[in-house]
Amino acid sequence: MKRFLLFLAFVQLLFLGSESLQAQSARTKVTMLSSVERFEAGKPFKVGIRLQMPVGWHTYWVNPGDSGIPTEVIWKLPDGFSASALEWPIPERIEALPLVTLGYENEVVLFSVITPSASVKKGSKVAIVAEVRWLECKETCIPGKATVSMDLVSAEKEIPQSNAELMTVWNRFQKEIPRETIAASSEVFPDKSFRIKVQKAGIQSVQFFPRTEGKIALAQPFSYKIDSGGVEISGRFEEFSDKLAGVLVVKGVSGEELLQFDSEVKTMSQGSTVVSEKRSLGVILFFAFIGGLILNLMPCVLPVLSLKILGFVNDAEGDASKAWKQGAAFTMGVLISFWILTGILVALRLGGEGLGWGFQLQSPAFVLGMIFFFLAMTLNLFGVFEFGASLTSLQNQVTDKKGWAKSFGSGVLAVVVATPCSAPFMGAAVGYALSQSIGLTFLVMTFLGFGVAAPYLFLSLKPEWIRKMPKPGEWMIGFKQFLGFLMLGTVLWLIWVYAQLQGIAGLGSVLMASLLLSFGIWGWSRAQKVLMKVLSVMFIIAAIGVSLPESKKIPVESFSSARLEALHQEGKPVFVDFTAAWCLTCQVNKKLVLHTAEIQKAFREKGVTVMEADWTNSDPEITKALETFGRASVPLYVLYGKDSKAAPQVLPEILTKEIVLKALKGI
């Protein structure tokens, strides 16, 4: 939809053209070709739209990628004639990292099948007319429009095209059209990764071009896993889609083949596999239980459950006959937490959200909270502060002498940290559960919960096992510190997850916040005076403040000539960004330069007002402003200084941080 709206805006920009066999608009030459010199009534024939770009310029494929707009052909045909959808040759990857587009450099021919009316009289002369609209880009992008036409005569029998030069070009691009449609299955996971499976023997190498416009992350390389039965392609979505289409360039023992596919996308749980319809419910429940059992050994769960081992050791000299109550409390904590999470997940999925197991780990705020919580637990295990004389005293106050509430809380915590993990057998069970009725979903997830709680419940029902545990002693200090390293591993893993969500800037902020939080907790545990405790609290508050995401962009005003003139006369510096959504260079400059923290800080310090002249949609005021600088394309960057009488600086089309900082230094 986004690309469609951009295209509508682009259409409004295109108002210049010509009507001839060959037309020149902007820098690209457009020509119409035909497979026949004379056509037969009712018998389809092909025409081609040939675009010849100057050296270094390119136009776009049906899926332009991260920027650009595909070429459009609007046919104007005689009554009774029809034209098929365009046939697109295999594109090229045009990289201007971090953005990647798909298109054609130098030359391309786009094909369409024309079906003439069966009632056309022999000897009739008809005009095949096409209005062609495209976007051509180099460092700048220029929209183009031309009308091309060709007169053809109806004959008793079709006469093929005989122009050898034209047919050489024709045949070259005809070989680049995918012909064979192949079956494919597609799956998408909660982390926006996808997997395409194509069954075809003898593949040696493959290249994938997605036709699903604006959905696939092209800058991240695709992964190809080839075996004797076919190929598995993995990548990432920019945004979810219920369909995935594309073309494949496959090289095998029989040479190169061009294939195309169009598949429905199946939403999967993370780490899941496709479940056969023939599997019985009993097998699925067994898988769920075993998966939950194995989940206890996963790195994200083991540290938490290891803490309960210490609890058992401490209880070994107590009333072991009552241990089953703690086991029951732990189990209820696990089950109730599973039911709550499953209820939330089912409600969100019914509302149309494509979520799966571990969905809350997609929330940066939740992950950040877990980092802080587990970091505090790690410090406790390392002896920075002790239970009963620290933050955990509150928990002890609300638990009874037997620690039943504490066991219940441990069960809740085990589920919270288990959600991002997946274990053998578990994936198939969860994938099945999320595709079934609400009742079956809860049943499968309940068995998964029982699997998680089973080891603790079994141990609590066998008090004699508790008595065989070592007696409390000095060894427990070393064991606690060992568990601290396991917990620290969980903290590091959560920091990695946070970095995937928030990028390198988020990684830096959470590392600094973790340091401040650790120092604050350490200071609080050793403070004897009120002032030291206040300072420690300030460090903890600072940790929270540092971790909050910082606004990346200063406020941007929409372009207005009157507003620009007023600011300029007041002696206020103004930076005008003439841009468009379909301009690749514009988007690269924004990502690599203008929206970086360094440049945003410089704008802020210099008191620069940033104005964006968005030329995506036709705007006479912006067009006129471009003309004052002798330009008919974007990008254009203009910096007005404080001196209202001084001429503004015009920056290069391709920006660097040094260029912008040097220009700002001079105002």
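The following legends describe close-up views of a predicted model.

Residues are numbered from 1 along each chain as its sequence is written, and side-chain values use heavy atoms, with hydrogens and water left out. In this predicted model, local features need pLDDT of at least 70 and side-chain atom pairs count only at pLDDT 80 or more, while totals for chains, interfaces and linings use all residues.

**View 1. A salt bridge joins Arg50 and Glu107.** A salt bridge is a side-chain nitrogen of Lys or Arg within 4 Å of a carboxyl oxygen of Asp or Glu; the count by this rule is 18. Here the N to O distance is 2.5 Å. Arg50 belongs to strand β5 (residues 45-52) and Glu107 to strand β11 (residues 107-115), 57 residues apart. Strands (E, at least two residues) and helices (H or I, at least four) are DSSP runs, numbered from the N terminus. Arg50 is buried at 14% relative accessibility, and Glu107 is buried at 16%. Buried means under 20% relative accessible area, exposed over 50%, and partly exposed in between (1.4 Å probe, protein chains only).

**View 2. Arg179 forms a salt bridge with Glu87.** The closest N and O atoms are 3.5 Å apart. Arg179 lies in the loop between α2 (164-174) and β15 (180-181) and Glu87 in the loop between β8 (82-83) and β9 (92-96), so the bridge ties together parts 92 residues apart in sequence. Arg179 is partly exposed at 44%, whereas Glu87 is buried at 19%. Lys46 is linked with Glu87 and Arg179 in a network of salt bridges.

**View 3. Lys243 and Glu264 meet in a salt bridge.** Their N to O distance is 3.8 Å. Lys243 is partly exposed at 41%, and Glu264 is exposed at 54%.
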